[in-house]
Amino acid sequence: MIRKLAEILIIAVYEHKGVAPEIKGPDGNFLMLSKLIDNIKTKTAWNLGRETKPCLDKMKELGDRAAHHRHYVARKVDVDSLQSGLRVTVDDLLNHAGLKK
């Protein structure tokens with residue numbers, strides 16, 4: 001769920017800023033999460049928070065592990081380890097997407 005949240009919020013930021021085509025492939029579909037994260041991290045003019053960039057990588061890592069490893073089940077303790085950075089990152093992306101007043 002956290003992985004999906006990151007993906008949705010990054011897309012919302014690009015849509016809000018009117019540059020969504022930058023994160024679409026030749027087929028018109030949005031890029032995979034790793035490319036979305038790579039792209040948003042290069043947007044220095046957008047001034048993402050200091051904790052946002054590394055937390056995006058951690059969100060993806062945990063989400064990938066939970067989605068792609070047959071025997072791995074994410075537990076509360078796994079999510080708790082991201083909690084403070086997660087909150088800051090979500091707030092940061094919500095603000096950049098114009099979804100938080």
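**Salt bridges, buried residues and a helix crossing**

Lys 43 counts as partly exposed, because its relative accessibility is 22%; the class of partly exposed residues falls between buried, under 20% relative accessible area, and exposed, over 50%, with a 1.4 Å probe and protein chains only. Before I continue, please note that this is a predicted model, in which local features need pLDDT of at least 70, side-chain atom pairs count only at pLDDT 80 or more, and totals for chains, interfaces and linings use all residues. Residues are numbered from 1 along each chain as its sequence is written, and side-chain values use heavy atoms, with hydrogens and water left out.

Which residue does Lys 43 pair with in a salt bridge? The partner is Glu 22, and the closest N and O atoms are 2.5 Å apart. By salt bridge I mean a side-chain nitrogen of Lys or Arg within 4 Å of a carboxyl oxygen of Asp or Glu. This pair links distant parts of the chain, 21 residues apart: Glu 22 is in the loop between helix 1 and helix 2 (33-41), and Lys 43 is in the loop between helix 2 and helix 3. Helices here are DSSP runs of H or I with at least four residues, numbered from the N terminus. Glu 22 is also partly exposed, at 40% relative accessibility.

By this rule, the salt bridges number nine. Another one joins Glu 7 to Lys 4, with 3.5 Å between the closest N and O atoms. These two residues are three apart in helix 1, and therefore about one helical turn separates them. Is Glu 7 buried or exposed? Glu 7 is buried, its relative accessible area being 18%, whereas Lys 4 is partly exposed at 48%. Setting aside neighbours within four places in sequence, Glu 7 is in contact with Leu 31, Leu 33 and Leu 36, where contact means heavy atoms within 4.5 Å.

Together with Arg 3, Lys 60 and Asp 64 are linked in a network of salt bridges.

I turn next to Val 13 and His 96. Val 13 lies in helix 1 and is buried, at 0% relative accessibility. Not counting residues up to four places away in sequence, Val 13 touches Ile 40, Trp 46, Leu 93, His 96 and Ala 97. His 96, in helix 5, is buried as well, at 12%. With the neighbours within four places in sequence left aside, the contacts of His 96 include Val 13, His 16 and Trp 46.

Finally, how do helix 3 and helix 5 cross? The axes of helix 3 (residues 52-68) and helix 5 (residues 83-96) come within 9 Å and cross at roughly 110°. Axes are lines fitted to C-alpha atoms, for helices over the stretch in contact, and angles run from 0 to 180 degrees between N-to-C directions. The two helices are therefore roughly perpendicular, a class that covers 65 to 115 degrees. Thr 52, Cys 55, Leu 56 and Met 59 in helix 3 meet residues of helix 5, among them Gly 85, Leu 86 and Val 88. Thank you for your attention.

Methods: Angles under 35 degrees count as roughly parallel, over 145 as roughly antiparallel, 65 to 115 as roughly perpendicular and the rest as oblique.
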